Structures are given as structure tokens and as C-alpha cells.
Amino acid sequence: MNKQSKKVLLVGHFNVGKTSLIKKFVKNSFSEDYITTIGVTIEKKEIIIKGEHMTFIIWDIAGEVTIKKTPKSYLLGLHGLIYVFDLARESTWQNMQEQVDDIKEMFPVAPFKIIGNKKDLLKPKEVEKILELLPVKCDFTSSAKTGENVERIFEELGLAML
Amino acid sequence: MGQKEQLDKLRELLLEEDRELHSKVTENLDQITALLHEREKFETKVDPIIEDRLRKFEKDIPQKMGPAITAALKVQIADSQNEVVDLLYPIIGKLISKFIRIEIQRLSEKIDQQLSNMFSWKGFLRRFKNKLEGTSESELLLRDTAPPLLEEFFIVEKGSGILIDSYSRNQTIDQDMIAGMLTAIKAFVEDAFSKGNQELEVIEYESYKIQIFNFQTYYIALVISGVMNAKFLLHLQDSVLSFAEKFKSYTSNNETTSNTDITLLLKEFFNE
Ligand SMILES: Nc1nc2c(ncn2[C@@H]2O[C@H](COP(=O)(O)OP(=O)(O)OP(=O)(O)O)[C@@H](O)[C@H]2O)c(=O)[nH]1
Ligand SMILES: [Mg+2]
């Protein structure tokens with residue numbers, strides 16, 4: 001098979017914008033409505049990275065406060081992970097250190113990106129301040145609403161999964 | 001008692017339950033068969049009776065087996081031997097559920113057969129349904145008698161749900177997505193409802209059935225249209241097993257399995 005298929009999972013608290021980020025990336029659409037994810041939804045998107053076709057099979061799962069609460073069977077065989085938190089909601093990044101440690105322990109080799117989402121809700125100054133307060137350095141700040149950095153996140157993850 | 005004797009005793013106890021269960025099923029079958037032959041009574045009586053028995057049969061399993069197993073385990077196994085329970089639990093569960101499924105299917109096929117042999121109950125039902133739904137008689141008839149047909153074949157990596165290969169009569173849907181979704185459904189069901197290491201084997205919707213065959217690192221999903229019967233399922237099972245045999249030698253011989261090889265295998269499978 002010339003094309004590579006990769007299973008990618010987005011994890012993080014409820015209501016941080018996991019589904020929205022995926023929708024933006026796959027369908028380039030955004031909705032203000034909040035419809036919480038139940039179970040799993042599968043999305044697919046093909047991109048070309050360094051001349052290679054890569055198929056993202058993205059598992060959009062329900063948010064959980066901790067990764068340990070995520071059903072194990074959803075995590076099986078994953079190739080890459082994205083941890084999403086809400087920049088504007090402190091409770092979604094307060095326990096991040098523990099989450100990141102757990103993820104690294106569970107998936108020591110899988111590429112992994114940390115994303116602070118809903119950037120558009122804050123002023124640039126506020127974002128800066130929050131980034132300083134974070135217990136763990138985040139890889140990207142993003143907005144599923146404006147689309148800022150959305151494609152870049154998946155491209156960087158894809159690059160790391162090559 | 002030594003650990004071995006305890007285990008033997010336990011095995012004996014469990015087997016006895018199994019035998020009892022089996023003779024009970026056979027007895028039930030005999031009774032039903034006898035009833036079926038009494039044509040007069042049959043029309044009005046057989047339906048509720050069968051339903052009743054099935055319900056009772058299903059209800060009896062946990063009731064009859066549950067306490068007996070628990071009691072046996074309690075007496076026979078000391079606290080330190082929890083592992084035995086862990087080991088036995090999934091096996092027993094699997095045995096029972098498989099047994100019930102097969103028996104019920106056999107029972108219902110037998111009833112179907114008897115029905116069509118004796119009088120046209122189905123014809124009556126069809127006309128009745130047809131009145132209700134406004135569907136044409138021939139359309140319903142066709143649906144009832146459509147032979148089972150293999151529509152799609154997926155080989156999917158377990159866990160990741162990545163499609164290894166697939167074959168389809170009419171490629172209309174995205175195969176990667178289907179493989180992912182099937183795996184997600186499997187994961188969801190297995191996580192939510194099954195105790196121990198049971199695995200999802202069938203998904204059914206109106207005129208399609210997805211039959212799943214689980215192997216160690218991958219699973220095979222077959223989409224079948226038409227009316228499935230036990231004979232066809234048996235045939236599928238055999239074909240899948242021999243396919244898996246060949247598939248294994250392909251994957252272990254050359255490290256990078258060329259997809260054309262698998263596709264060839266699949267073609268062979270479909271043309272059977
Ligand atoms: N302003 C703004 N709103 C966002 C952004 N991303 C998501 N939202 C909104 O936040 C809400 C939750 O988004 P979802 O994508 O459903 O969140 P989720 O993480 O999938 O939530 P669960 O499925 O419950 O775990 C929705 O109302 C979205 O419209 C963003 O970048 N900016
Ligand atoms: Mg969601």
C-alpha cells in the first residue's frame with residue numbers, strides 16, 4: 001500500500017473544541033452550537049506530506065476530565081494524539097501536567113501535540129499571560145472558529161508520524 | 001482437597017449444569033415439534049408458547065446457572081484463588097451465549113421450516129403486513145426469499161481500525177471510514193456490554209447483516225444481503241478460515257505484503 005493510514009485521537013475535557021477542530025480540518029466548517037460527542041465519530045482526511053499521501057482516520061471521542069477515563073479500546077493502535085484544552089477555561093488546563101505525564105507513559109512513542117484552543121475568545125495579551133501560567137508548554141494555540149493553526153496542527157502531527 | 005481436586009470438582013459441577021441445560025433444550029425442542037404436528041392446535045397456540053419458552057429459556061439461564069456457579073465457586077475456591085474465576089468467567093460466558101444463539105437460531109429455522117411445510121402462515125402474515133405497510137406483495141416476497149449474498153469484505157487491523165484491504169461488489173461507500181466505524185462500534189459495544197474478553201460478532205440492520213470474524217491482530221467483516229441461514233453461515237465460516245490460513249502465510253512470508261496478493265485472494269474468495 002502506498003498510502004499510509006494513521007489513527008489519530010483528540011483527547012481533553014468536554015467542550016474544549018475537539019469536534020470543532022476536526023470539522024474545521026476535514027470539512028472547513030464551524031458551528032457555534034455545542035453538541036457533545038457521544039461514543040465515537042470517525043472522520044477521514046487525506047493530505048500530502050513531503051510528497052507522501054497520508055490518510056488521517058480521526059477518532060472524535062467524548063471529552064473526559066482525565067485520559068484514564070477514556071475507554072481503553074478507543075486508544076488501541078493509535079498513531080498520534082492531540083491534547084486539546086480551552087485557553088479561556090482554566091479548569092481545562094489546571095490538571096494538564098498529570099494528563100500529559102499519563103499520556104506519555106501510556107504512549108511513549110506516539111507523536112503528541114498539545115493545543116490551546118478558542119484563542120479567538122481572548123485578547124492577545126490575555127493569551128500571552130495564560131501561556132506563561134500553563135504547567136506544560138503548549139505546541140500551538142488555535143481557533144476552530146477562525147481556522148487559525150488548524151491545518152498546521154494536523155500537518156505537524158502528520159510530519160511526526162511519517 | 002488439593003487445588004487439582006477442587007478444580008476437577010468445579011469442572012464437574014459446571015459440566016453437569018451444561019448437560020442439564022442441553023437436555024432441557026432438547027426436551028423443549030421435542031415438545032415444540034410435537035405441538036407443531038398437531039395442526040389444529042397449532043394455529044392459535046404455537047406462537048405464544050414458543051415465545052414463552054424462549055423467554056423462559058433465556059430467563060432461566062442466569063437464574064439456574066448463576067446461583068449454582070456462584071455457590072460452587074464460593075465453596076470450592078478459597079479467596080486466594082481468584083485467578084480461577086478470572087479465567088473461567090469469560091469462557092463460561094462465551095460458551096453460554098454461543099450455545100443459546102445457535103440453539104435459538106436452530107429452533108427458529110426449524111419452526112420456519114415446519115410452518116412453510118404445513119400451511120401458508122407466512123403468506124397470511126405477508127398479506128397482513130402488506131395491508132399495513134402498503135408494500136407490494138411481490139416486493140415482500142422477494143425480500144423474504146432473497147438468497148444470502150456476500151456484498152463486501154473487509155480486513156481490518158484490530159485496535160487501530162485501519163483498513164488492510166477490502167473487496168466490494170459495488171464500491172459506493174468509503175471503505176476506510178467503514179473500517180474505522182466498524183472498529184469504533186466494536187470497541188463501543190465490547191466496552192459497554194461485554195464482560196471479559198467477548199467480542200462483537202454480528203451487526204444487523206434491515207436487509208443487511210455484518211458478520212465479524214475475530215482473529216488475533218485483525219478481524220474480517222463480511223457484509224451480507226438477503227436472508228442469512230445457518231448453512232450459509234457455516235459455509236462462510238469455512239471459507240473465512242481457509243482465507244485466514246492463506247492470508248497468514250502471505251503476511252508472514254513477505255514482510256511487506258503486496259496488496260495485489262491480498263486482492264487476488266479476495267477475488268478468489270468472492271468467486272467461490
Ligand atoms: N469561539 C470559539 N468557540 C469554539 C471554538 N472551538 C469550539 N468552540 C465552541 O465550543 C463548543 C464545544 O465545541 P465541541 O467541538 O463540540 O467540543 P468537544 O471538545 O468536541 O466537546 P465534547 O464532544 O463534549 O467532548 C461549541 O459550541 C463550539 O462552537 C473556538 O475555537 N472558538
Ligand atoms: Mg466532541
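**Reading aromatic rings and a ligand shell**

Mentor: Let us begin with one residue, A:F154, which is buried, with a relative accessible area of 2%. Please keep in mind that this is a predicted model.

Trainee: How is a value of 2% to be read for A:F154, as buried or exposed?

Mentor: The word buried applies under 20% relative accessible area. The 2% of A:F154 lies under that cut-off, so A:F154 counts as buried.

Trainee: How is a pair of aromatic rings described?

Mentor: Two quantities are used, namely the distance of the centres and the angle of the planes. Over all chains, the structure holds six aromatic pairs. In one of them, the ring centres of A:F25 and A:F56 are 5.7 Å apart and the planes stand at 85°, so this pair is edge-to-face. The angle decides the label here, because planes over 60 degrees apart count as edge-to-face.

Trainee: Where in the chain do A:F25 and A:F56 lie?

Mentor: A:F25 belongs to helix α1 of chain A, residues 18-27, and A:F56 to strand β3 of chain A, residues 52-61.

Trainee: Which aromatic pair do A:F56 and A:F154 form?

Mentor: A:F56 and A:F154 form an edge-to-face pair, with 5.9 Å from centre to centre and 90° between the planes. A:F56 is in strand β3 and A:F154 in helix α5 of chain A, residues 150-161, so this pair ties together parts that are 98 residues apart in sequence. Taken together, A:F25, A:F56 and A:F154 form one aromatic cluster.

Trainee: Which residue lies over the face of A:F25?

Mentor: That residue is A:K45, at 5.3 Å from the ring centre of A:F25. Another case is A:K7, which lies over the face of A:W59 at 3.7 Å from the ring centre.

Trainee: Let us turn to the ligand. How many residues surround ligand 1?

Mentor: Ligand 1 is surrounded by 23 residues, and the closest are A:S20, A:S31, A:E32, A:Y34 and A:T36. By class, the shell divides into seven nonpolar, ten polar and six charged residues.

Trainee: Which atom of A:G17 lies 3.0 Å from an oxygen atom of ligand 1?

Mentor: In A:G17, the atom is a backbone N or O. Side chains take part too: a polar side-chain atom of A:T36 lies 2.5 Å from an oxygen atom of ligand 1, and an N or O atom in the side chain of A:K118 is 2.9 Å from an oxygen atom of ligand 1. On its own, ligand 1 has 660 Å² of accessible area, of which the protein covers 96%.

Trainee: Finally, what secondary structure do chain A and chain B have?

Mentor: Chain A has five helices and six strands, which run β-α-β-β-α-β-α-β-α-β-α from the N terminus on. Chain B comes to eight helices and five strands, in the pattern α-α-α-α-α-β-β-α-β-β-β-α-α along the sequence.

Trainee: What share of the residues of chain A and of chain B is buried?

Mentor: In chain A, 51% of the 162 residues count as buried. In chain B, buried residues make up 36% of the 272 residues.

Note on methods:
Residues are numbered from 1 along each chain as its sequence is written. Chains are lettered from A and ligands numbered from 1 in the order in which they are written. This is a predicted model: local features need pLDDT of at least 70, side-chain atom pairs count only at pLDDT 80 or more; totals for chains, interfaces and linings use all residues. Side-chain values use heavy atoms; hydrogens and water are left out. Rings of Phe, Tyr and Trp (its six-membered ring) pair if their centres lie within 6.5 Å; planes under 30 degrees apart count as stacked, over 60 as edge-to-face and the rest as tilted. Helices (H or I, at least four residues) and strands (E, at least two) are DSSP runs, numbered from the N terminus. Buried means under 20% relative accessible area, exposed over 50%, partly exposed in between (1.4 Å probe, protein chains only). A charge sits over a ring if NZ of Lys or CZ of Arg is within 6 Å of the ring centre and within 35 degrees of the ring normal. A residue is near a molecule or strand if one of its heavy atoms lies within 4 Å of it. A polar contact is a pair of N or O atoms within 3.5 Å; within protein, one must be able to donate a hydrogen and the other to accept it, and residues adjacent in sequence count only if both atoms are side-chain atoms. Accessible areas come from the Shrake-Rupley method with a 1.4 Å probe; for residues, only the protein chains shown count as cover. Ala, Val, Leu, Ile, Met, Phe, Trp, Tyr, Cys and Pro count as nonpolar, Asp, Glu, Lys and Arg as charged, and the others, Gly among them, as polar.
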